[in-house]
Amino acid sequence: MTPQSSSSRRRPLRTRHVATAGVAVLAAALSACSGGSGSSGADKAAEKPKISVNLSGQQAKAGGPVEVKLADGKLKNVTVADAKGAKLPGKLSANGTSWTSERKAAPGTAYQVEATTDEGGSAKHSFRTAKPDKVNKVTLAPGKNTTVGIAQPLSITFDNPVRNKAEVEKHLKVTTSNNTEGSWGWIKNYDGKDRVDWRPKEYWKSGTKVKLDARLNGIDSGGDDWFVRDYATNFTIGKSQVVKVNLDSKTATLIRDGKTLKSLPMSAGTPGGDKASWGGTSVLMSKEGTINMRSETVGLGDAYDKMVDYSMRLTWSGMYAHAAPWNASYFGNTNHSSGCVGMSDGDAGWLYGQAQIGDPFEVTGSGSKGVPDPGNGYGEWNISWSDWQAKSALK
C-alpha cells in the first residue's frame, strides 16, 4: 500500500448543525490536550457536547422563555443578552442539563446566547425575534420622583386595548415602604382607553414611598399587540390633608393631620340638572393655574367663556375648584355655579397654594348629581374595598 502522508491522515474535525422542530443545535467550541490513556475531563471536552437553543433564525417567536439544553454533561453558566447588553435572568435546572430564562423574549430583538460547561466547553448562538405587528405603550401617573397626596392612586393607561389583562397584571409589581395593602383594578378611562389603577385599601399614610416595576417587555397584551419595553415610576406621599366640600353649608374646608386649617365660603354647582356638582370623593388631578373655560366643551352650550384663575382639576369631565369672583354674592349661601367649586380670588389662591396633587376632595350634602365613574378622574374611592378588589384580573 502506498503510505498516506501525515497531513492526509489528520483530517480536520467538522462541526455539524442539526435543526429539528425549530431547535438550533450547537457544537461547543472546545480545546483539549492529550495526556495519556484513559478518559479525562479534556477527553470529554473533545467529544464536543451539543447545546440546543429553542429559538433560532431571524424570525423567532417572541413571548416565551429562552431554553438552553445540554445533551451530555452539565452547564456551568448561561447568558442571554440583547444588543444593548440587557440580560434575561434565568435559572439552571437541578441536574444542570438545562437553563430557562425567567423573562420572555421580546419581539423585534436580537439576542446572543453564551453557554459554558463544567468540562470547559463553550458555545455561542444568536437569534432575532420577529417584529411585532403592533406596539402597545402606556402612560403612568404619578410621574417619577414626585410627592403626592394621600388619595393618589398608581394609574396606568394603555394606548391600545388590553385583552390579556391577567397576564399583564402579573407583571406589575408595586413595592411600598410600609407594606401598604392595596389592589389593582381594571377600569375604562374617560376617553375609553383601558386603564388599571393600584389603590390602597384606605388613604395612604404620609411619608410612604411607593415604587412601580412594570416588567412588560415581551408581553403580548392581546391580538399580537406587544409591549417592547419595561416601565417604572416612584413617588412619595406628602402631607396628610383632605378638602371637605359641604354642599349644605356651602364651605370648602382644608383639614391637615386631622386639624382644620381654614374653612372657605364657596358656591358649588346648581342643583337639579347638568350643572350640579359631582358628589362623593374626587382627587386633585392637576393644578392648572389660569385657563380658558368654555361651556361647550362640557356640553353646556354657550353658558360661559372665561379666563379662570387658580384652576384645580377634579374630574376629566370638567369639574374644578377655582376662583369665581363673578359669583361673589353666592359664596356661603347658594350653590349657583355650572358644576365647579367657586371661591373668591383670595380664598382660591390660598387653597391653590396649600393643595397637593392627589389630595382628596370629599363632597357631601344634598343637590349633587351622584358620584363620578372611576375613570372620570380618580373616582375609585367611591367604590367599596371589596368591589374594587373584584376589578383585579387576578382575583
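How many helices and strands are there in the protein chain? The protein chain has five helices and 28 strands, taken as DSSP runs numbered from the N terminus, with helices being H or I of at least four residues and strands E of at least two. This is a predicted model, in which local features need pLDDT of at least 70 and side-chain atom pairs count only at pLDDT 80 or more, while totals for chains, interfaces and linings use all residues. Residues are numbered from 1 along each chain as its sequence is written, and side-chain values use heavy atoms, leaving out hydrogens and water.

**View 1. The whole chain, for orientation.** Of the 395 residues in the protein chain, 44% are buried (under 20% relative accessible area, with exposed over 50% and partly exposed in between; 1.4 Å probe, protein chains only). Among contacts (heavy atoms within 4.5 Å) with a separation of 6 or more, 64% join residues 24 or more positions apart. The chain exposes about 19,700 Å², and carbon and sulfur atoms supply 48% of that area (Shrake-Rupley method, 1.4 Å probe).

**View 2. The annotated pair, His322 and Cys340.** An unreviewed UniProt entry gives the annotation "active site" to His322 and Cys340; such annotations may be inferred rather than shown by experiment. The two are spread over 19 residues of sequence, yet they cluster in space, with a largest C-alpha distance of 7.5 Å.

**View 3. Around His322.** Look for this histidine in strand S26, residues 320-323. His322 counts as buried because its relative accessibility is 5%. Leaving aside residues up to four places away in sequence, its contacts include Met293, Tyr310, Cys340 and Met343.

**View 4. Around Cys340.** This cysteine lies in the loop between S26 and strand S27 (341-343). With 9% relative accessibility, Cys340 also counts as buried. Beyond residues up to four places away in sequence, it touches His322, and Ser267, Gly269 and Tyr320 are among its other contacts.

**View 5. A four-stranded open sheet.** Here the strands follow the order S11-S13-S16-S15, with antiparallel pairing (two strands pair if DSSP finds at least two bridges between them). Strands S11 (138-141) and S15 (182-188) stand at the edges with a single partner strand each, so one side of each has no neighbour in the sheet. From one strand to the next, the twist averages 15° (axes are lines fitted to C-alpha atoms, and angles run from 0 to 180 degrees between N-to-C directions).

**View 6. Strands S13 and S16.** Four bridges join S13 (residues 154-158) to S16 (residues 194-200), and the two run antiparallel. Ser155 stands opposite Asp197 in S16.
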